Amino acid sequence: MAGKLKWMTLICMGLMVWSTPGDVAAPRTVAAIKADILALSHSFVGQGDPDFTRQRALEVLVAELLAAAPQPPVKDRLDLLDGPWHQIWGPYDYRGGDRGTVDPKLTVDEIYQVVFREGYYYNVNPVRGKDRIALLRGEFQLVPGQPDMLRARFTRFPGNKGRPADMPLWGLAALAEAGKLPAKTTIVPGFIVRWFFGGGVLREVYTDRDMRITYGGDRVDDRADEHIYIMTRPGAAAGRP
């Protein structure tokens with residue numbers, strides 16, 4: 001009886017193996033998922049997202065990416081965050097327009113954020129129709145109890161007259177911090193920035209050497225109106241640690 005039971009068990013196990021559906025897809029690689037995120041983001045460049053349709057389409061892929069590559073707390077990713085990032089797709093309504101609109105003064109394919117591990121960053125972009133580069137400075141801190149969040153506040157808003165001839169646009173951020181912009185101007189006076197611009201939170205959901213996915217929002221406890229940003233390293237900065 002024991003021998004018969006053993007064979008029945010083996011037969012059942014074999015049937016389970018052979019009956020496994022052949023069309024069950026193997027988990028995709030991180031590289032493949034990232035490639036799809038970038039392709040979809042590039043297809044959205046210059047388009048607003050008033051009803052979150054595009055964001056939700058990206059979030060399906062982002063969820064797949066995070067399942068394949070779970071992330072450590074952002075405090076352990078600050079070195080990865082350090083340096084310049086190029087926004088492939090994200091909000092284009094920085095100047096107080098309605099959610100999902102596209103600011104006509106924004107050059108949509110030249111939006112950069114330069115993060116400094118010391119706790120500050122610059123949003124860098126040319127102002128369309130004017131020969132100047134805007135450099136909005138912010139400072140960030142870790143948020144207790146929120147392992148993937150940074151609290152940010154804006155501090156000043158200098159600019160540079162004209163494009164630099166000998167460096168990429170994002171290279172101006174370090175010069176702005178050092179007070180060495182070659183043709184400094186003021187976009188908005190600092191006291192107005194500090195009083196009225198406020199800040200918000202960044203929810204850093206994914207970071208590696210060449211891709212960053214983050215959400216920008218107003219408050220730690222409000223994810224209903226978060227905006228997703230898909231970013232990559234600018235070409236000249238590829239391979240930074």
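In the predicted model, valine 114 has tyrosine 122 of strand β3 as its bridge partner. Strands β2 (residues 112-116) and β3 pair in the antiparallel sense over five bridges, pairing being assigned where DSSP finds at least two bridges between two strands. The two strands form a hairpin with three residues between them, and glycine 119 in this turn has a positive phi of about 115°. Strand β3 also pairs with strand β4 (residues 132-143), in the antiparallel sense and over seven bridges; here asparagine 123 stands opposite leucine 136. Five residues separate β3 and β4 in their hairpin, where glycine 129 in the turn has a positive phi of about 85°. Strands are DSSP runs of E with at least two residues, and helices are runs of H or I with at least four, numbered from the N terminus.

In a regular strand the side chains alternate between the two faces of the sheet. In β3, Tyr120, Tyr122, Val124 and Pro126 on one side and Tyr121, Asn123 and Asn125 on the other are all buried (under 20% relative accessible area with a 1.4 Å probe, protein chains only; exposed is over 50% and partly exposed in between). Seven of the seven residues of β3 (residues 120-126) are thus covered.

By contrast, phenylalanine 196 in helix α6 (residues 190-197) is exposed, with a relative accessible area of 64%. Over the whole chain, buried residues make up 45% of the 241 residues.

Residues are numbered from 1 along each chain as its sequence is written. Local features need pLDDT of at least 70, side-chain atom pairs count only at pLDDT 80 or more, totals for chains, interfaces and linings use all residues, and side-chain values use heavy atoms, without hydrogens and water.
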